[in-house]
Amino acid sequence: MSTAHRRPWSNILAVAYKEATALRHDRVFLGVVFVQPIMMMTLFGTAVSNKPQNVPWAVLDRSADAVARRLVAEVQATGYFRPPRTIVSYDQARDLLRRGQALAVLVVPEDFGRDVERGRPRVQLLLDGSDPLSAARIAGYIGQIASAFATRDGPPAVRHAAPRLPGAIDVRQRFWFNPTLSDRKFFLSALAGMLLTNLCLSVTALGLVGEREVGTYEQMLALPTTPLEIVLGKLVPFVGVSYALLLFTTVAAGVIFGLWPQGSWLALLVVTLPFVLASLAIGVFVSAVARTSAQAVFITVFFIMPSFVLSGVLFPYQLMPRGVREIGALFPLRWYQIALRGVIERGAGMVEVLVPVAALAALFAGLLLVIRWRMKPRLG
């Protein structure tokens with residue numbers, strides 16, 4: 001019997017030592033492995049919360065009553081809401097909700113002062129139901145404030161001694177775009193964005209790494225083409241695949257669950273192009289940075305997970321702390337999910353998706369500049 005068969009454990013340990021030695025020198029791989037848990041703990045510990053904060057809202061006050069102004073001040077004093085926008089019509093309210101610029105609109109009727117004197121004051125609360133969890137929580141907070149609100153002036157200790165004093169304000173809630181607060185609509189409306197993000201980053205992240213590992217990377221750079229031409233040539237086929245996936249997902253959601261886009265199909269197709277290009281460009285950048293396939297996979301996850309968390313597809317980005325919310329704007333999925341929910345749930349058209357289109361085009365252009373710098377030939 002040979003020595004190799006007599007000492008299997010020695011052979012295994014020898015191979016393991018060789019691989020461990022190589023792994024120890026792979027600083028990029030080890031760095032990403034240990035940075036990921038820190039990043040995810042930071043995201044879920046600071047950015048993700050079901051408690052409303054930084055909530056954009058508006059007030060349509062037709063009464064100009066002091067009690068109404070005091071109610072608005074008490075809502076603002078909770079610290080959950082931004083300073084309210086003052087509007088003058090229901091059309092403005094619907095426009096703000098449809099554009100996602102407000103999650104709630106408080107409507108105070110003209111006869112509010114008279115109703116206060118009668119002890120039966122009422123206000124209306126219009127909410128964006130496209131995000132059911134946020135809408136329900138925002139409605140709950142404002143409802144609690146109104147139910148404990150004293151319409152008569154008096155010492156603060158007396159006003160807040162009992163949770164429901166006579167004359168407390170009755171809040172009539174109305175949820176727009178998703179009256180039943182269906183979670184299915186919330187997640188399905190952004191499903192295409194998650195699928196396309198996963199597809200675009202995964203298929204392109206291994207592209208240049210594969211060329212480098214098989215030894216054709218420098219040959220490719222030596223061709224009579226510029227680095228940008230190479231990148232764009234690699235992206236074009238996946239753009240077609242991405243559109244096919246988008247159409248399949250959208251039609252399937254419509255046929256199976258009855259969730260058809262309420263807005264412009266043209267707007268949906270237009271905003272998809274810069275999103276797909278920007279997402280594919282991130283994959284190319286990862287592939288240009290990574291030295292091995294393992295590094296490319298780990299770095300891709302480093303982009304995919306924060307993109308899902310910070311973009312707003314799973315948790316409302318409007319409620320994230322300041323600073324974290326701005327970081328999320330650097331991910332293409334943030335702008336695409338805004339456009340998706342606008343078109344599918346709120347009936348948005350081309351005008352409403354112009355801002356996401358411009359933001360995605362800017363991200364794509366910036367990524368191309370970085371890729372062009374990174375892909376300069378480094379022969380020798």
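What is the volume of the second largest cavity? In this predicted model, the second largest cavity has a volume of about 50 Å³. Residues are numbered from 1 along each chain as its sequence is written, and side-chain values use heavy atoms, with hydrogens and water left out. As the model is a prediction, local features need pLDDT of at least 70 and side-chain atom pairs count only at pLDDT 80 or more, while totals for chains, interfaces and linings use all residues.

The structure holds 2 cavities of 30 Å³ or more. On a 1 Å grid over the protein atoms alone, a cavity is a set of points where a 1.4 Å probe fits but cannot get out, a pocket is an open set with protein on both sides within 12 Å along at least five of seven lines, and lining residues have an atom within 4 Å of a point. A volume is the space filled by probe spheres set on the points, which are joined across faces, edges and corners.

The second largest cavity is lined by Thr197, Leu201, Phe275, Ser279, Ile282, Phe303, Ser307, Phe331, Pro332 and Leu333. At least two lining residues come from each of helix H10 (191-205), H14, H15 and H17, where helices are DSSP runs (H or I, at least four residues) numbered from the N terminus. H14 gives the most to this lining, with 3 residues. By class, the lining of the second largest cavity has 7 nonpolar, 3 polar and no charged residues; here Ala, Val, Leu, Ile, Met, Phe, Trp, Tyr, Cys and Pro count as nonpolar, Asp, Glu, Lys and Arg as charged, and the others, Gly among them, as polar.

The largest cavity has a volume of about 70 Å³, and its lining includes Leu188, Thr249, Pro261 and Ile344. Helix H9 (183-189), helix H13 (227-257) and H17 each supply at least two residues of this lining, with the largest share, 4 residues, coming from H13. The lining of the largest cavity divides into 9 nonpolar, 3 polar and no charged residues.

Turning to open space, the largest pocket holds about 710 Å³. Of the 34 residues that line the largest pocket, Arg99, Gly100, Gln101, Tyr317 and Ile338 lie nearest its centre. Helix H5 (90-99), helix H17 (332-344) and helix H18 (354-374) each provide at least two lining residues, and the largest share, 7 residues, belongs to H17. This lining has 16 nonpolar, 7 polar and 11 charged residues.

Helix H14 (residues 265-289) and helix H15 (residues 293-311) pack at an angle of about 140°, with their axes 9 Å apart. Axes are lines fitted to C-alpha atoms, for helices over the stretch in contact, and angles run from 0 to 180 degrees between N-to-C directions. H14 and H15 are therefore oblique to each other (angles under 35 degrees count as roughly parallel, over 145 as roughly antiparallel, 65 to 115 as roughly perpendicular and the rest as oblique). Their contact (heavy atoms within 4.5 Å) is made by Ile282, Phe285 and Val286 of H14 and Ala296, Ile299, Thr300 and Phe303 of H15. This contact has 6 nonpolar, 1 polar and no charged residues. Ile282 and Phe303 also line the second largest cavity.
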